[in-house]
Amino acid sequence: MNNKVYIISGTNRQQAVSLQVAKVYQQEFKALGVEAEIIDLRQLPADYLFSGLYENAGKSETTIDFRKKMKEASKFVFVIAEYNGSFPGVLKAFIDGLEFPDSFTNKKCALAGLSAGEQGAVLAMSHLTDILNYCGAHVLAKKPKLASIGANMKEGVITNERYMKHIKLQVRQLIEF
Ligand SMILES: Cc1cc2nc3c(=O)[nH]c(=O)nc-3n(C[C@H](O)[C@H](O)[C@H](O)COP(=O)(O)O)c2cc1C
């Protein structure tokens with residue numbers, strides 16, 4: 001098992017704010033002396049959905065690396081954007097391409113949701129919690145809802161103090177989880 005925390009930036013959208021939020025989490029872990037690495041779904045192969053799953057799962061260099069890291073890790077943070085009331089489809093495809101059940105059984109996960117609108121991906125986090133629980137992972141109860149992210153983040157910095165308070169608390173909780 002690997003002691004590093006893996007932070008999954010849960011979309012492959014090029015300009016994703018999710019990746020900026022993932023970097024905020026990485027800094028918070030670093031400040032507490034915990035190594036954290038970002039898994040950026042933009043790095044999935046362009047043909048992942050049609051040529052990288054099922055009998056081809058884990059055959060490209062990137063997916064071999066991602067699958068190995070996900071299997072060896074014991075703790076994850078999933079940063080998930082709200083897309084059409086749920087989490088991005090590419091994240092489900094990423095999960096579908098991992099080794100089952102070893103990637104998640106008895107592992108610890110924390111979720112953070114962000115949205116342009118007012119829901120803060122609350123349903124998206126609920127959907128992902130169901131899936132992770134099904135796959136055998138434990139999900140931390142504290143799940144920050146980073147709603148109206150455009151108005152609460154500037155140049156990679158979360159400007160909303162309340163949001164940062166929740167993130168810092170969640171990071172400490174995941175370390176102790
Ligand atoms: C395909 C798609 C669907 C989206 N659906 C929603 C939605 O249902 N509710 C919402 O508040 N924002 C929605 N958004 C906006 C995202 O939440 C917003 O882009 C936010 O910055 C987080 O996503 P990002 O990491 O891709 O930047 C959507 C964006 C995309 C690309």
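**Exercise 1.** Determine which residues Y163 is in contact with once its neighbours within four places in sequence are left aside, and decide whether Y163 is buried or exposed.

*Solution.* Two residues are in contact if their C-beta atoms, placed from the backbone, lie within 7 Å. With the neighbours within four places in sequence left aside, this criterion gives P144, L146, N152 and I158 as the contacts of Y163. The model is a predicted one, in which local features need pLDDT of at least 70 and side-chain atom pairs count only at pLDDT 80 or more, while totals for chains, interfaces and linings use all residues. Residues are numbered from 1 along each chain as its sequence is written. Next, Y163 is placed in helix α7, where helices (H or I, at least four residues) and strands (E, at least two) are DSSP runs numbered from the N terminus. For the burial step, a residue is buried if 20 or more other C-beta atoms, placed from the backbone, lie within 10 Å of its own, exposed if 12 or fewer do, and partly exposed in between. Y163 has 22 C-beta neighbours inside 10 Å and therefore counts as buried.

**Exercise 2.** Work out the surroundings of Y25, starting from the element in which Y25 is found and ending with the residues it is in contact with.

*Solution.* Y25 is found in helix α1, and it counts as buried because 23 C-beta neighbours lie inside 10 Å. Along the chain E37 is 12 residues from Y25, and the C-alpha atoms of the two are separated by 9.9 Å.

**Exercise 3.** Carry out the corresponding analysis for A124, in helix α5, and for M70, in helix α3.

*Solution.* A124 is buried, since 28 other C-beta atoms lie within 10 Å, and, leaving aside neighbours within four places in sequence, its contacts are I80, E82, S86, F87 and G113. G85 is 39 residues from A124 in sequence, yet the C-alpha to C-alpha distance is 6.3 Å. Turning to M70, whose helix α3 spans residues 61-72, the count of 22 C-beta neighbours inside 10 Å means that M70 is buried. With neighbours within four places again left aside, M70 is in contact with Y6, L98 and S103, and the C-alpha atoms of M70 and L98, 28 residues apart along the chain, are separated by 7.7 Å.

**Exercise 4.** Examine the backbone at P101, A121 and S148, and locate each of these residues in its loop.

*Solution.* The peptide bond from F100 to P101 is cis, its omega being near 0°, and P101 sits in the loop between α4 (89-96) and β4 (108-114). A121 has a phi near 60°, a positive value in a residue other than glycine, and lies in the loop between β4 and α5 (122-134). A121 is buried, as 31 other C-beta atoms lie within 10 Å. The phi of S148 is also positive, near 45°, in a residue other than glycine, and S148 belongs to the loop between β6 (145-146) and α6 (149-152). S148 has 15 other C-beta atoms within 10 Å and is therefore partly exposed.
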